[in-house]
Amino acid sequence: MSRLRRMSPRRSYDQYCSAARALDVVGDRWTLLIVRELLAGPRRYTDLHADLPGVSTDVLASRLKDMERDGLTTRRRLPPPGAAYVYELTGRGRELLPVLQALGRWGQAELGGRRPTDAVRAHWFALPLLRALQGEGLVEVRLEEGDFHLYLGTEDGPVYGDGPAPAEPDARLVLDTGTCMAVGRGELSVREAVRAGRIEVTGDGTPAKALREG
(Lines give C-alpha, C1' and ligand atoms only; values in the text may rest on other atoms or scores of the structure.)
Protein backbone atom coordinates (compact mmCIF):
# COMPACT_ATOMS: atom_id res chain seq x y z
CA MET A 1 0.00 0.00 0.00
CA SER A 2 1.41 3.41 -0.98
CA ARG A 3 2.35 6.10 1.51
CA LEU A 4 -0.58 8.28 0.40
CA ARG A 5 -3.09 5.43 0.65
CA ARG A 6 -2.09 4.80 4.27
CA MET A 7 -3.20 8.29 5.31
CA SER A 8 -6.49 8.71 7.11
CA PRO A 9 -9.37 9.94 4.96
CA ARG A 10 -9.90 13.68 4.88
CA ARG A 11 -12.61 14.94 7.19
CA SER A 12 -15.40 16.94 5.58
CA TYR A 13 -18.12 19.30 6.70
CA ASP A 14 -20.33 17.60 4.09
CA GLN A 15 -21.81 20.91 3.02
CA TYR A 16 -22.33 21.92 -0.61
CA CYS A 17 -20.66 25.30 -0.11
CA SER A 18 -17.34 26.49 -1.55
CA ALA A 19 -16.26 27.97 1.80
CA ALA A 20 -16.94 24.66 3.52
CA ARG A 21 -15.08 22.77 0.80
CA ALA A 22 -12.10 25.12 1.17
CA LEU A 23 -12.06 24.54 4.93
CA ASP A 24 -12.15 20.80 4.31
CA VAL A 25 -8.71 21.29 2.73
CA VAL A 26 -7.07 24.14 4.69
CA GLY A 27 -9.09 24.38 7.89
CA ASP A 28 -6.91 22.10 10.01
CA ARG A 29 -4.62 23.72 12.57
CA TRP A 30 -1.16 24.62 11.13
CA THR A 31 -2.05 24.11 7.47
CA LEU A 32 -2.18 27.78 6.49
CA LEU A 33 0.93 28.55 8.52
CA ILE A 34 2.78 25.84 6.60
CA VAL A 35 1.61 27.59 3.42
CA ARG A 36 2.98 30.86 4.83
CA GLU A 37 6.39 29.24 5.26
CA LEU A 38 6.37 27.59 1.82
CA LEU A 39 5.58 30.89 0.10
CA ALA A 40 9.32 31.45 0.60
CA GLY A 41 10.02 28.57 -1.80
CA PRO A 42 11.13 24.96 -1.24
CA ARG A 43 11.97 24.11 2.37
CA ARG A 44 13.25 21.08 4.24
CA TYR A 45 11.23 19.45 6.98
CA THR A 46 13.74 20.54 9.62
CA ASP A 47 13.53 24.17 8.47
CA LEU A 48 9.75 24.09 8.60
CA HIS A 49 9.79 22.63 12.08
CA ALA A 50 12.24 25.30 13.28
CA ASP A 51 10.07 28.14 11.97
CA LEU A 52 6.78 26.74 13.27
CA PRO A 53 7.41 26.79 17.02
CA GLY A 54 4.78 24.84 18.89
CA VAL A 55 4.01 22.24 16.25
CA SER A 56 4.88 18.64 17.11
CA THR A 57 6.85 16.51 14.68
CA ASP A 58 3.91 14.12 14.29
CA VAL A 59 1.43 16.87 13.50
CA LEU A 60 3.77 18.55 11.04
CA ALA A 61 4.43 15.28 9.22
CA SER A 62 0.70 14.53 9.12
CA ARG A 63 -0.20 17.98 7.77
CA LEU A 64 2.47 17.78 5.07
CA LYS A 65 1.12 14.40 3.93
CA ASP A 66 -2.43 15.76 3.87
CA MET A 67 -1.33 18.80 1.88
CA GLU A 68 0.46 16.61 -0.64
CA ARG A 69 -2.62 14.40 -0.98
CA ASP A 70 -4.82 17.47 -1.53
CA GLY A 71 -2.57 18.91 -4.22
CA LEU A 72 -1.27 21.89 -2.24
CA THR A 73 2.36 20.74 -1.99
CA THR A 74 4.83 18.39 -3.61
CA ARG A 75 7.90 16.71 -2.18
CA ARG A 76 11.11 16.20 -4.15
CA ARG A 77 14.65 15.13 -3.46
CA LEU A 78 17.44 17.63 -4.02
CA PRO A 79 20.28 16.52 -6.30
CA PRO A 80 23.66 15.68 -4.73
CA PRO A 81 25.38 16.91 -2.67
CA GLY A 82 22.17 18.07 -0.95
CA ALA A 83 20.28 14.77 -1.23
CA ALA A 84 17.59 16.04 1.18
CA TYR A 85 13.86 16.16 0.57
CA VAL A 86 12.17 19.54 0.25
CA TYR A 87 8.52 20.54 0.25
CA GLU A 88 7.15 23.20 -2.07
CA LEU A 89 3.81 24.65 -3.03
CA THR A 90 2.00 23.69 -6.20
CA GLY A 91 0.24 26.30 -8.28
CA ARG A 92 -2.91 25.46 -6.34
CA GLY A 93 -1.06 26.05 -3.08
CA ARG A 94 0.34 29.41 -4.25
CA GLU A 95 -3.20 30.55 -4.95
CA LEU A 96 -3.62 30.76 -1.16
CA LEU A 97 -1.42 33.90 -1.00
CA PRO A 98 -4.36 36.35 -1.24
CA VAL A 99 -6.24 34.22 1.30
CA LEU A 100 -3.38 34.62 3.80
CA GLN A 101 -3.12 38.32 3.01
CA ALA A 102 -6.85 38.79 3.61
CA LEU A 103 -6.60 36.85 6.90
CA GLY A 104 -3.64 38.98 7.91
CA ARG A 105 -5.55 42.16 7.17
CA TRP A 106 -8.56 40.91 9.14
CA GLY A 107 -6.32 39.81 12.01
CA GLN A 108 -4.59 43.16 12.40
CA ALA A 109 -7.09 44.11 15.10
CA GLU A 110 -6.17 40.97 17.06
CA LEU A 111 -2.43 41.63 17.25
CA GLY A 112 -2.20 44.18 20.04
CA GLY A 113 1.16 44.22 21.80
CA ARG A 114 3.53 41.29 21.66
CA ARG A 115 2.92 38.86 24.53
CA PRO A 116 5.85 37.35 26.48
CA THR A 117 4.94 33.91 25.11
CA ASP A 118 4.79 35.04 21.47
CA ALA A 119 7.46 33.64 19.18
CA VAL A 120 8.62 35.85 16.33
CA ARG A 121 10.62 35.37 13.16
CA ALA A 122 11.76 38.24 10.98
CA HIS A 123 10.21 36.78 7.84
CA TRP A 124 6.75 36.65 9.46
CA PHE A 125 6.59 40.37 8.68
CA ALA A 126 7.02 39.63 4.98
CA LEU A 127 3.35 39.22 4.11
CA PRO A 128 2.16 42.44 5.84
CA LEU A 129 4.90 44.41 4.09
CA LEU A 130 4.23 42.67 0.78
CA ARG A 131 0.63 43.78 1.11
CA ALA A 132 1.71 47.35 1.89
CA LEU A 133 4.21 47.79 -0.96
CA GLN A 134 3.43 48.37 -4.62
CA GLY A 135 5.25 47.90 -7.91
CA GLU A 136 7.71 45.24 -9.01
CA GLY A 137 11.22 44.35 -7.96
CA LEU A 138 13.41 42.86 -5.26
CA VAL A 139 13.22 44.51 -1.82
CA GLU A 140 15.52 43.74 1.10
CA VAL A 141 14.25 44.39 4.63
CA ARG A 142 16.55 44.71 7.64
CA LEU A 143 15.20 44.27 11.18
CA GLU A 144 16.83 43.64 14.54
CA GLU A 145 15.52 40.05 14.39
CA GLY A 146 17.14 39.46 11.01
CA ASP A 147 16.85 40.17 7.30
CA PHE A 148 14.41 38.97 4.69
CA HIS A 149 13.59 39.93 1.13
CA LEU A 150 10.44 40.37 -0.94
CA TYR A 151 9.68 39.71 -4.58
CA LEU A 152 7.14 42.36 -5.60
CA GLY A 153 4.84 41.67 -8.52
CA THR A 154 5.73 38.00 -8.90
CA GLU A 155 3.09 35.50 -9.98
CA ASP A 156 5.10 32.28 -9.89
CA GLY A 157 7.69 31.05 -7.43
CA PRO A 158 8.62 32.50 -4.04
CA VAL A 159 7.10 35.78 -2.88
CA TYR A 160 9.67 36.27 -0.11
CA GLY A 161 12.83 34.70 1.26
CA ASP A 162 14.71 34.55 4.53
CA GLY A 163 18.03 36.37 4.81
CA PRO A 164 19.58 39.12 2.65
CA ALA A 165 18.52 39.54 -0.96
CA PRO A 166 20.29 37.11 -3.32
CA ALA A 167 21.18 39.99 -5.67
CA GLU A 168 21.44 43.76 -5.47
CA PRO A 169 17.92 44.81 -4.39
CA ASP A 170 15.85 47.47 -6.09
CA ALA A 171 15.16 48.88 -2.63
CA ARG A 172 16.53 48.30 0.84
CA LEU A 173 14.41 49.13 3.88
CA VAL A 174 15.91 49.47 7.36
CA LEU A 175 13.46 49.77 10.23
CA ASP A 176 12.96 48.72 13.82
CA THR A 177 10.59 46.00 14.91
CA GLY A 178 8.20 48.47 16.54
CA THR A 179 7.69 50.23 13.21
CA CYS A 180 7.24 46.93 11.41
CA MET A 181 4.66 45.84 13.98
CA ALA A 182 2.81 49.16 13.62
CA VAL A 183 2.65 48.62 9.85
CA GLY A 184 1.46 45.05 10.42
CA ARG A 185 -1.31 46.29 12.75
CA GLY A 186 -2.43 48.85 10.19
CA GLU A 187 -1.57 51.78 12.45
CA LEU A 188 1.02 53.18 10.06
CA SER A 189 1.52 52.93 6.32
CA VAL A 190 4.95 52.32 4.82
CA ARG A 191 4.87 55.73 3.15
CA GLU A 192 3.97 57.45 6.43
CA ALA A 193 6.83 55.64 8.16
CA VAL A 194 9.25 56.74 5.44
CA ARG A 195 8.11 60.37 5.69
CA ALA A 196 8.46 60.23 9.49
CA GLY A 197 12.01 58.91 9.21
CA ARG A 198 11.10 55.59 10.79
CA ILE A 199 12.07 53.63 7.65
CA GLU A 200 15.36 54.31 5.89
CA VAL A 201 15.11 53.66 2.15
CA THR A 202 18.10 53.16 -0.12
CA GLY A 203 18.41 51.87 -3.68
CA ASP A 204 17.84 53.12 -7.21
CA GLY A 205 15.02 50.84 -8.30
CA THR A 206 11.40 51.79 -8.90
CA PRO A 207 10.19 50.66 -5.43
CA ALA A 208 12.81 52.81 -3.69
CA LYS A 209 12.03 55.85 -5.82
CA ALA A 210 8.30 55.45 -5.28
CA LEU A 211 8.71 55.32 -1.49
CA ARG A 212 11.04 58.33 -1.38
CA GLU A 213 8.78 60.38 -3.63
CA GLY A 214 5.50 59.30 -2.04
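What we have here is a predicted model, in which local features need pLDDT of at least 70 and side-chain atom pairs count only at pLDDT 80 or more, while totals for chains, interfaces and linings use all residues. Residues are numbered from 1 along each chain as its sequence is written, and side-chain values use heavy atoms, with hydrogens and water left out.

Let me start with the sheet, which is open and has five strands in the order β6-β5-β4-β7-β8, with mixed pairing. At its edges are β6 (160-162) and β8 (199-202), each of which pairs on one side only. Strands here are DSSP runs of E with at least two residues, helices are runs of H or I with at least four, both numbered from the N terminus, and two strands pair if DSSP finds at least two bridges between them. Within the sheet, β4 (residues 137-143) and β7 (residues 171-175) run parallel and are joined by four bridges, and R142 stands opposite V174 in β7.

Turning to the salt bridges, by which I mean a side-chain nitrogen of Lys or Arg within 4 Å of a carboxyl oxygen of Asp or Glu, the structure holds 14. R69 meets D66 in one of them, at 3.7 Å from N to O, and because these residues are three apart in helix α4 (residues 57-69), about one helical turn separates them. The side chain of R69 also forms a salt bridge with that of D70, at 3.2 Å from N to O. Finally, a network of salt bridges links R36, E37, R43, D51 and R121.
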